[in-house]
Amino acid sequence: MTDGLFRNQFLLAMPGRVGGDFADSVTFIAEHNDDGAMGLVINKPSDLAVRDMLQHMDIEPHVDHGLPVYWGGPVQTERGFVLHRDEGDWESTLHVCGGLAITTSRDILEAIGNGFGPSDYLITLGYAGWGDGQLESEMLANSWLNTPASDRIIFELPVAERWAAAARQLGVEAHQLSATAGHA
């Protein structure tokens, strides 16, 4: 039984082991159970700004949201996911331990556009998903490292620093992992 084993954890893509869109990624795992896992990549900004996304949805932003929308993963890339501090009462929210939540309903986007959304948030298009046993297999193949999630890393650090900061939580520097990746 794997219920929750990787919930509220970061997955760090191992250099030299994980390529493509997931190369150098940090994925926040929001749900993990016997059916699989679901998470959001938190360090792959797209060229789309939050304000442009809101306007596209006919939500007139009253606050300048120069923040980027992130690539959250390859599943349901037409759908938005808001990772935020667990504040407010939204129509469709997954409450994740650690004071974080993921909301997929329009009401949170309207609140963000009007400046009344959660204090901290990150918006993604799409999510990362693993089927039953798939994440466990990838972990055994040393494709990922896991470390406890940190809202400081998600909301306060610049994108370029998130992978290295998560690796430091394991007591290693990013260059150490890069150097050993080919020898694992």
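Colleague: What makes helix α2 (residues 106-113) mostly covered?

Modeller: Six of the eight residues of α2 are buried, that is, under 20% relative accessible area, where exposed is over 50% and partly exposed lies in between (1.4 Å probe, protein chains only). The buried residues are Asp-107, Ile-108, Leu-109, Ala-111, Ile-112 and Gly-113. They pack against α1 (50-56), β6, β8 and β9. Helices (H or I, at least four residues) and strands (E, at least two) are DSSP runs, numbered from the N terminus. Gly-115, with a positive phi near 80 degrees, follows α2.

Colleague: What are the origin and the limits of these values?

Modeller: The model is predicted, and local features need pLDDT of at least 70, side-chain atom pairs count only at pLDDT 80 or more, while totals for chains, interfaces and linings use all residues. Residues are numbered from 1 along each chain as its sequence is written, and side-chain values use heavy atoms, with hydrogens and water left out.

Colleague: Why is Gly-131 called partly exposed?

Modeller: Its relative accessibility is 31%, so Gly-131 counts as partly exposed. Gly-131 is in strand β9 (residues 121-131). Not counting residues up to four places away in sequence, Gly-131 touches Asp-35 and Gly-36, a contact being heavy atoms within 4.5 Å. Gly-36 is 95 residues from Gly-131 in sequence, yet their C-alpha atoms are 4.4 Å apart.

Colleague: What makes a group of residues a nonpolar core?

Modeller: Such a core is a set of buried Ala, Val, Leu, Ile, Met, Phe, Trp, Tyr and Cys residues joined through side-chain atoms within 4.5 Å. The largest has 25 residues, of which Phe-10, Phe-28, Ile-42, Leu-83 and Ile-154 touch the most other members. Helix α5 gives the most to this core, with four residues. A second, separate core of 14 residues includes Phe-22, Trp-130, Leu-135 and Trp-144.

Colleague: Which residues line the largest pocket, and how do they divide by type?

Modeller: The lining includes Val-50, Asp-120, Tyr-121 and Arg-162. It divides into nine nonpolar, one polar and two charged residues. Strand β9 gives the most to this lining, with three residues.

Terms used
1 Å grid on protein atoms, 1.4 Å probe; cavity = no way out; pocket = protein on both sides within 12 Å on 5 of 7 lines; lining within 4 Å. Nonpolar A, V, L, I, M, F, W, Y, C, P; charged D, E, K, R; others polar.
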